[in-house]
Amino acid sequence: MSNPHNGNLHQENDQQPLSALTRQAESVSHATADASLPATPAPQRMPVTLNVNGKAHTLQVDTRTTLLDALREHLHFTGTKKGCDHGQCGACTVIVNGRRINACLTLAVMQDNAEVTTIEGLGTPDNLHPLQAAFIRHDGYQCGYCTPGQICSSVAVLQEIAQGIPSHVSEDLLAQPALQPDEIRERMSGNICRCGAYANILAAIEDYAGGQPS
Ligand code: FES
Ligand code: FES
């Protein structure tokens with residue numbers, strides 16, 4: 001069997017300069033690539049209107065833009081945090097049409113005309129939401145990166161309980177869920193805190209909700 005590095009092959013190509021051989025190889029390689037790969041489509045842009053914290057914002061976005069990136073990069077609501085960008089940490093939780101969602105898992109164009117509430121819409125440094133004040137009182141954060149998502153989630157959790165929506169740990173699916181520590185823990189389980197401030201987060205939520213400390 002011939003060896004590509006032996007003298008035969010070398011002799012066949014001896015008549016052509018190396019640069020010509022290189023150009024031939026590149027043109028074959030490009031032709032193969034062009035034939036086998038689909039053309040990359042141009043980005044599609046669409047208008048979308050987001051009602052954020054009570055104010056309408058109309059944007060032209062690449063249709064692949066997530067709600068999280070629309071909020072942070074286009075509208076500069078940077079209170080909403082990007083942790084995993086994969087729906088696993090809850091740092092990006094916002095309230096959309098009354099329900100909490102992970103803003104990294106939905107496209108902005110899917111939320112056209114939606115009512116979006118971010119942490120900036122719940123309270124301000126001069127006028128804290130009572131739950132934000134409870135987080136401070138109970139030392140419910142350390143680095144604070146998860147805190148906006150924790151607080152948006154908490155507000156929606158208490159609404160879910162008030163509306164009688166059962167969770168995985170509700171014993172009676174038809175009864176009004178009790179404001180028990182396990183109900184709160186289960187419902188908050190999608191919000192990860194790398195600092196491990198869970199006990200104080202629970203205390204803050206119970207304090208705000210008027211429940212008994214666990
Ligand atoms: S950034 Fe959305 S869930 Fe982690
Ligand atoms: S306070 Fe640091 S991640 Fe929760």
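## Exercises on helices and cysteines

Just past helix 3, H76 adopts a positive phi of about 65°. This is a predicted model, where local features need pLDDT of at least 70 and side-chain atom pairs count only at pLDDT 80 or more, while totals for chains, interfaces and linings use all residues. Residues are numbered from 1 along each chain as its sequence is written, and side-chain values use heavy atoms, leaving out hydrogens and water.

**Exercise 1.** Work out how many residues of helix 3 are buried, and what they pack against.

*Step 1.* Take buried as under 20% relative accessible area (1.4 Å probe, protein chains only), exposed as over 50% and partly exposed as in between.
*Step 2.* Helix 3 (residues 67-74) has six of its eight residues buried: L67, L68, D69, A70, L71 and R72.
*Step 3.* Their packing partners include strand 1 (45-52) and strand 2 (55-62); contact means heavy atoms within 4.5 Å.

**Exercise 2.** Describe how helix 5 and helix 8 pack.

*Step 1.* Helix 5 (residues 130-137) meets helix 8 (residues 198-209) at about 135°, and the axes are 8 Å apart.
*Step 2.* That angle makes helix 5 oblique to helix 8, since under 35 degrees is roughly parallel, over 145 roughly antiparallel, 65 to 115 roughly perpendicular and the rest oblique.
*Step 3.* On one side sit P130, L131, A134, F135 and R137 of helix 5; on the other, I201, A204, I205, D207 and Y208 of helix 8.
*Step 4.* Sorting the residues of this contact gives eight nonpolar, no polar and two charged.

**Exercise 3.** Classify C84 and C146 by accessibility.

*Step 1.* C84 has 23% relative accessibility, so call C84 partly exposed.
*Step 2.* C146, at 6%, is buried.

Conventions. Chains are lettered from A and ligands numbered from 1 in the order in which they are written. Axes are lines fitted to C-alpha atoms, for helices over the stretch in contact, and angles run from 0 to 180 degrees between N-to-C directions. Helices (H or I, at least four residues) and strands (E, at least two) are DSSP runs, numbered from the N terminus. Ala, Val, Leu, Ile, Met, Phe, Trp, Tyr, Cys and Pro count as nonpolar, Asp, Glu, Lys and Arg as charged, and the others, Gly among them, as polar.
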